[in-house]
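Please prepare a short briefing on this structure, covering its sheets, a helix and the nonpolar cores.

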Amino acid sequence: MRAVGIILAGGNNSKMKDLSKKRAVGAMPMAGSYRAIDFALSNMTNSHIQKVAVLTQYNAWSLNEHLSSSKWWDFGRKQGGLYVFTPSITSDNGFWYRGTADAMSQNIAFLKKSHEPYVVIASADAVYKMDYNKVLEKHVETGADITIVCKQMEEGTDLSSYGVVTEDSGGRVTEFEEKPIDSASSLVSTGIYVIRRRLLIQFLEQCIAEDRYDFVNDVIIRNKTTKKIYVYKMDTYWKNIASVKNYFEANMDFLKPEVRDFFFKQYPDVYSKVEDLPSAKYNPGSNVINSLISSGCIVNGTIENSVVFKQAYIGNNCIIKNSVILNDVYVGDNAVIENCIVESHSTINPGEHLGGPEEIKIINERNFRYSL
């Protein structure tokens with residue numbers, strides 16, 4: 001493909017609450033065996049983009065560890081590859097990334113040294129599959145300066161976490177509202193953009209000169225009337241991990257057969273770092289109903305409508321309902337967990353009752369499991 005890729009993975013999202021205290025949102029576990037960034041990386045390699053930069057910043061340790069080998073996404077190659085850029089102190093810059101435009105500006109040398117005519121910009125906090133070649137074809141066909149991939153949201157969706165787009169009959173953007181309280185349009189930006197590389201460099205240099213830092217506000221919204229900005233509508237599954245509720249719902253969606261079929265059985269595949277773990281073990285007395293159980297798990301109790309990540313231990317007579325159990329969680333005998341997200345490495349004591357039918361609860365128990 002005639003494009004380089006940039007994945008913006010540096011932001012901290014306060015709406016993720018305790019879940020983003022120990023990791024970047026792009027490193028959030030998804031669908032039992034994946035991380036959120038795997039979807040953007042897989043889309044890049046499946047679209048034959050051979051050169052991809054990941055811009056990380058906040059709590060990036062687990063994300064950098066996940067990206068330590070590029071072979072899982074087929075970026076271990078002589079030409080191109082996977083580049084991970086973190087903020088660095090230089091003689092003329094001592095700032096962390098102050099926004100998405102600033103993150104790209106501080107790594108503008110990557111763009112200047114590239115030779116591909118186009119850039120695909122994506123975020124690391126969305127779950128979807130997409131062929132970016134189709135977006136590029138539409139971009140060239142319309143003669144656009146910037147193409148924004150958009151998704152029509154269902155009626156009643158809270159749009160306060162999205163950029164809301166209004167288009168004319170020809171698909172050109174006429175209005176772009178960032179995180180509006182109320183909006184007549186339900187067409188939202190997915191955070192995926194296609195732009196000519198030289199034009200992006202021009203925009204970024206202008207942002208540097210004027211101390212502007214945000215790509216949406218200082219590039220797209222500022223130029224919506226002077227540049228040709230067009231919409232490309234996505235008609236397949238897309239979910240943004242913008243809050244605890246969205247994260248929970250995205251994992252629960254993988255319990256639907258049509259979603260699992262779309263991501264796991266339909267070409268192209270979604271790739272991730274692979275660990276050498278045994279298959280899940282179901283002991284006598286276990287009962288699993290409509291749930292996703294990952295490798296390395298040992299199940300003794302009842303699990304219903306839940307996603308259980310790798311190396312979890314579920315004790316005897318446990319009941320887990322409508323919950324997300326992250327990696328390496330120990331659940332003691334006779335515990336009951338409902339409507340919860342249990343943080344990685346947590347230890348739930350025997351007999352504990354957590355959650356309930358109300359709102360989603362984040363559980364982060366640091367009990368010493370070996371003393372039980």
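This is a predicted model: local features need pLDDT of at least 70, side-chain atom pairs count only at pLDDT 80 or more; totals for chains, interfaces and linings use all residues.

Residues are numbered from 1 along each chain as its sequence is written, and side-chain values use heavy atoms, without hydrogens and water.

**Strand pairing**
- Helices (H or I, at least four residues) and strands (E, at least two) are DSSP runs, numbered from the N terminus; two strands pair if DSSP finds at least two bridges between them.
- Strands S4 (residues 51–56) and S5 (residues 81–85) are paired in the parallel sense over 5 bridges, with Lys-51 opposite Gly-81 in S5.
- An open sheet of 5 strands runs in the order S14-S17-S20-S23-S26, with parallel pairing.
- Its edge strands, S14 (281–282) and S26 (347–348), each pair on one side only.
- S14 pairs with S17 (residues 298–299) over 2 bridges, and Tyr-282 stands opposite Val-299.

**Helix H8**
- Among the buried residues are Tyr-247, Phe-248 and Met-252.

**Nonpolar cores**
- A nonpolar core is a set of buried Ala, Val, Leu, Ile, Met, Phe, Trp, Tyr and Cys residues joined through side-chain atoms within 4.5 Å.
- The largest has 38 residues; those touching the most other members include Ile-7, Leu-41 and Tyr-128.
- H1 gives the largest share of this core, 4 residues.
- A second, separate core of 36 residues includes Ile-108, Cys-150, Leu-187 and Ile-221.

Technical notes:
Buried means under 20% relative accessible area, exposed over 50%, partly exposed in between (1.4 Å probe, protein chains only).
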